[in-house]
Amino acid sequence: MKTFILTILLSVSAFSCAQETPKVKHVSKMKPATDLKNVKVVNAEDPVCKMKTADYLKDTADYKGKKYGFCSDHCKEEFKKNPEKYAQNTK
């Protein structure tokens, strides 16, 4: 009986962990049309997912006269939904 209960608890625990979804879904995208390695942005890391933008800069957006860099189009779109929230936390 103890083994049965333990098996059920472990199964429920494993199943519930498998249901967690990541905070940011990165969407793969082809190389940008322009080389973004020399583009200067105000942030050292993506304001949405916190990934370093220096090596992975894929997209940019302008907000209040500043250029922000992003690791993916998905993060850029999330930023555009609520730029004030993400611009405050920029490093």
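Student: What makes Y63 count as buried?

Tutor: Buried means under 20% relative accessible area, exposed means over 50%, and partly exposed is in between (1.4 Å probe, protein chains only). Y63 has a relative accessible area of 17%, so Y63 is buried. A word on the source: this is a predicted model, where local features need pLDDT of at least 70 and side-chain atom pairs count only at pLDDT 80 or more, while totals for chains, interfaces and linings use all residues. Residues are numbered from 1 along each chain as its sequence is written, and side-chain values use heavy atoms, with hydrogens and water left out.

Student: Why is the pair of Y63 and F79 called edge-to-face?

Tutor: Rings of Phe, Tyr and Trp (its six-membered ring) pair if their centres lie within 6.5 Å; planes under 30 degrees apart count as stacked, over 60 as edge-to-face and the rest as tilted. Here the centres are 6.0 Å apart and the planes stand at 90°, so the pair is edge-to-face. This pair links distant parts of the chain, with Y63 in strand β1 (residues 59-63) and F79 in helix α3 (residues 73-81), 16 residues apart. Helices (H or I, at least four residues) and strands (E, at least two) are DSSP runs, numbered from the N terminus. F79 is buried as well, at a relative accessible area of 2%.

Student: What kind of aromatic pair do Y68 and F79 form?

Tutor: A tilted one: the distance is 5.1 Å centre to centre, with 40° between the planes. Y68 lies in strand β2 (residues 66-70) and F79 in helix α3, so this pair ties together parts that are 11 residues apart in sequence. Y68 counts as buried because its relative accessibility is 5%. The structure holds 5 aromatic pairs, and ring pairs link Y63, Y68, F70, F79 and Y86 into a cluster.

Student: How many disulfides does a search of the whole structure find?

Tutor: The search finds 0 disulfides, a disulfide being a pair of cysteine sulfur atoms within 2.5 Å. C71 is in no disulfide, and its nearest cysteine sulfur, that of C49, is 3.5 Å away. C75 is in no disulfide either, with the sulfur of C49 as its nearest at 3.9 Å. C71 is buried at 8% relative accessible area, and C75 is buried at 0%.

Student: What makes D59 and K76 a salt bridge?

Tutor: The term needs a side-chain nitrogen of Lys or Arg within 4 Å of a carboxyl oxygen of Asp or Glu. For D59 and K76, the closest N and O atoms are 3.3 Å apart, and the pair forms a salt bridge. D59 lies in strand β1 and K76 in helix α3, so the pair ties together parts that are 17 residues apart in sequence. D59 counts as buried at 12% relative accessibility, and K76 is buried at 15%.

Student: How do you know whether E45 and K52 are buried or exposed?

Tutor: E45 counts as buried because its relative accessibility is 11%, whereas K52, at 51%, counts as exposed. These two form a salt bridge, their closest N and O atoms being 3.8 Å apart. By this rule the count comes to 6 salt bridges.
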